Structure formats: C-alpha cells, structure tokens
Amino acid sequence: MAGIVIGVDSSTQSTKALAVDTATGEVLGEGRAAHTVSGSGGARESDPRQWWQALQDAIAGTGCAGRAEAVAIGGQQHGLVALDADGVPVHPALLWNDTRSADRAAALVEELGRDAWARRTGSVPNASFTVTKWAWLRERGLTGRVAAVRLPHEYLTERLTGRPAAERSDASGTGWWGEHGWDTGILDLVGLDPELLPPLAGPGTAAGETVGPFGGLRPGIPVALGAGDNAAAALGLGLGGGTGAAYGQPALSLGTSGTVYAVTRGRPADPTGTVAGFAAAHGDWLPLACTLNCTLAVDRFATLLGRDRQAVEAGGEAVVLPFLDGERTPALPHAAGLVHGLRHDTTPGQLLQAAYDGAAYALLAALDLVLAAGDEAAGDAPLLLIGGGARGRAWQDTVRRLSGRAVQLPAAGELVALGAAAQAAGLLTGEHPAEVARRWGTAAGPVLDPVEKDEAAAARIAAVLAAGAPLLGAGPAV
C-alpha cells in the first residue's frame, strides 16, 4: 500500500519529524525544531507549549504534511506534564533527567520495598520516574490546580486529536502502571487521583484523528498511540513481535542519555533497580538500563581538555566517572564527576578516552542483567549501536573494546521517528510496526568485528566505583 506517513521524535533538545513512504521506507522529507531546557543543579524543565509549536514546525518542515495519511509521536519518557482545567500547563514540565525528586524516590522505595515495586510495576523507581516527580510536587504544595497529568508524548497526541489516551510503553515508565493497568494502591500512596490520568488504550489502536490542520496535516487523518522514545526506537529497529520477531538482540543508544535494552518475551522485574521493566509498545517487554551521562558529558570533557571529541589516545590508567548530572545507573543521583589515577605522564587524549570508558562502562555492565531480566539468552547477535554517538569512531571503538562483542551500525538515522512512522504505517496496512520496519530494512548496516575485551579497564573502573561510593553518594539533597 503506497502512501506517506509522518513519524515524530519529541526529545529533550528538539523535535524531529520524518515523512516516510509506507511501501519502501524511503524518507521523503525531514523537519526539525529546537526546544529550550532550563534549570540548574538537579532541575531540568521545559514548557510543553514549546514542544507543541516545535511539533508543528517540524511536521511542516517535512514538506509532505498535506499528503500524509497517518501520524505518530515518539517522545521522551518519564516527564511530568501537569495541566489545569483548561489544558494549560500549571508549571514547566519536569523532565526525565530532573533529579530533585531523588529523596522522594528513596522514601517511596523504602515504604513499599524493592521487591514489591518490581513485582507490581516491573521497576524500582528512581528520580527519573514520574511517580517520584509527582510526589515531589505534592510535597511542595504544587499540585492543587492540577486537573490532568500527562507524559510528553501523551500531551502532544492529545493536542493533535482532542482526546486523551495512554499506551503501555510510556505508561510503564511512570511507576504507577502495572501489567494490567493503573496501580490504584500506588496512586493512593502518592495522592494522585486516577481521574487525572488518560485512559489506557490497547496496542495497535488509534488515539484518534487530527482535529485541525496542525503543521499542514489534513484534519481527520488517523493518529497512532505513539510510544516512549526507547520503545519507538525498538520498533524502528524492527525488534519484537510479528513475523520473524527478533528477541534478545540488544541495542545500545548513545545520546544525551545512554540506554541499553532488548525486546523480550518475559516480563522483567529487577528488585535491584538496575534494570527498568518497561513494556514494549505493541506487546512484549523492553527491559532497559539507562544512564544520565553519555555523549554530552564526554563532550564536556573534550571541551575542558581543549580537544576534538575524537582525539583520544590509548594507554594510561586514569579513570573518569563523568557523572556530571548525578547518575541513574549506578544509582548515584547526587554524584558529580570524578577523576582518579592521574600521573605526570597522563595525556589529555588518554583522559578523554577514560571519559568515554566511564560513560560506556555502566551500560555494558548492565547488558547481561537486561537480558536476564527478560529471560532471554544473550546469543551471538551483534550489538546494535544507535543514537548520535554511534557515528563517532571513538564511541564505536570504546564499545567494542569494553564489550568484546561485534557491533552493528544501522544506516538508518532518527530511529525514534522511524519507529513512530512504522507505527503510523501499521494503522494503514494492518501490520505489526516491527514488521513494517523489518520490511523497510531499517537495521541494515555494517558490522564491526569483535575485539578482545579490555578486562583491565573494566576492572579499574569497577574498583574506583566501589572505593569511591561514599564520596559519589554524598551531596546535598536537591
């Protein structure tokens, strides 16, 4: 079935939109618009109305909006959008990397216990999770005028359709969603009326139809439910259900945050909190580990050292833990960056390589845990390396050296937007979105052979993490 669909990625820094041919997967047009993130210390906020304007600008920028037959939005997870009775934001949205709710997260985990959280929601919440952000706002008396609570992509989808709707992948990152719906006991625990939440819709259904010519879209075209960004990227890679399903193949995404995940048949429930037990967008599961400090943190070290980001050098024994925004994996929300092991002969290039190593280590250390949490064997499939950092040779070499695995570099870019486009196409063709993406060949790309795993570097980083834990865990509550 020939036609055009538009997939959108509303991320932390910007909105990207792709117009895609449903038959071939060819990208026919691209649009982009930037967002502003404000805050200092642990605060990270954005005005959701910026996202709405950026969405329209990005869709218009594809040049194909008037011919699109369906649309879907993938969006940054965990963010809390609080609206008044008129649908106007009560205050800026708290983003996924806002760590001010770290103390509330610890208190909530202590109150229910790690096992109960993992059993009921699939995850042990930390400061990223929406439930902790709501608890933080409520503790400060900032929820009195709130008439609706939405996640970022839910807010945007509702503005397109005029109808509220939630779906399982993003809902699973809130901390108040269980396998079969909202967990009313947890909602009671944090004082959140379930009437403030959107109704849950089943996988593969439409959220509604466009109610206006937003960004040049025609009114009345179907809008898919959308997905959290990682679940949308998994669809964009063709991972998961449908004919020829790819289970257990891991993906490592290098962006503002770092993530490692795989689509699994088993429901994850990790009481340690290292692995988040997310749901995949259209059935199945998406166990995932996430770090707050990835490409931006390494780029900051490059700037401090006055070097190009690719100008790394081998050798040296310095260890860099680039936890510049606190950290989620390992769970060190109040941490700052740490440099250990400097010598007179340590070069700037070696120190920059150590920053790459420190950023990649936590993700790769969590890889086996991710697969085990979803009850999938590791297998010998290449590690899919995606995100902005995946194009950089220094990142590629670091991941190969610290993992000892073959690495595949999908040629397709903007996988979140591509996954959303596949979801929109599935509404038109009746296919599972992952089947659509496999038909488009989105994961195709060169495979880099494995190299011997650098056990010595991994051991150094592990030792510094263990020895520095008291220092890294210290810091004022924010």
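Phenylalanine 129 is buried in this predicted model, with a relative accessible area of 2%. Phenylalanine 278 is buried as well, at a relative accessible area of 1%. By the rule used for ring pairs, the count comes to 4 aromatic pairs, and phenylalanine 129 and phenylalanine 278 form one that is tilted, with 6.1 Å from centre to centre and 40 degrees between the planes. This pair links distant parts of the chain, since phenylalanine 129 is placed in the loop between α3 (114-121) and α4 (130-139), while phenylalanine 278 belongs to strand β16 (residues 276-279), 149 residues apart.

A second aromatic pair is made by tyrosine 356 and tryptophan 395, whose ring centres are 4.8 Å apart and whose planes stand at 70 degrees, so the pair is edge-to-face. Here too distant parts of the chain are linked, with tyrosine 356 in helix α10 (residues 348-365) and tryptophan 395 in helix α12 (residues 393-403), 39 residues apart. Tyrosine 356 has 0% relative accessibility and counts as buried, and tryptophan 395, at 4% relative accessibility, also counts as buried.

| Helix pair | Angle between axes | Distance between axes |
|---|---|---|
| α1 (residues 48-61) and α5 (residues 152-161) | about 55 degrees | 10 Å |
| α9 (residues 295-305) and α10 | about 170 degrees | 9 Å |

With an angle of about 170 degrees between them, α9 and α10 are therefore roughly antiparallel to each other, and their crossing is right-handed. On the side of α9 the contact is made by Val298, Phe301, Ala302 and Leu305, and on the side of α10 by Pro348, Leu351, Leu352, Ala355, Tyr356 and Ala359. Tyr356 thus takes part in this helix contact and also in the edge-to-face pair with tryptophan 395. Divided by class, the residues of the contact of α9 with α10 are 10 nonpolar, no polar and no charged.

Which residues of α9 are buried? They are Thr295, Ala297, Val298, Asp299, Phe301 and Ala302, and what covers them includes β14 (251-254), β18 (319-321), β19 (338-340), α10 and α12. Helix α9 is followed by glycine 306, whose phi is positive, near 70 degrees.

The residues in contact are Pro48, Arg49, Trp51, Trp52 and Leu55 of α1, together with Pro152, Tyr155, Leu156, Arg159 and Leu160 of α5. By class, this contact of α1 with α5 has 8 nonpolar, no polar and 2 charged residues.

Histidine 91 has its place in the loop between β6 (81-83) and β7 (93-94), and histidine 91 is buried because its relative accessible area of 16% is under the cut-off of 20%. Not counting residues up to four places away in sequence, histidine 91 touches Ala82, Leu137 and Leu142.

Terms used:
Residues numbered from 1 in each chain as written. Predicted model: local features only at pLDDT ≥ 70, side-chain atom pairs only at ≥ 80, totals over all residues. Heavy atoms only, no water. Helix = DSSP H or I, 4+ residues; strand = E, 2+ residues; numbered from the N terminus. Buried < 20%, exposed > 50% of the residue type's maximum accessible area, 1.4 Å probe, protein only. Contact = heavy atoms within 4.5 Å. Axes fitted to C-alpha atoms, helices over the stretch in contact; angles between N-to-C directions. Nonpolar A, V, L, I, M, F, W, Y, C, P; charged D, E, K, R; others polar. Phe/Tyr/Trp six-rings, centres within 6.5 Å; stacked < 30°, edge-to-face > 60°. Parallel < 35°, antiparallel > 145°, perpendicular 65-115°, else oblique. Left-handed = near helix turned anticlockwise from the far one by under 90°.
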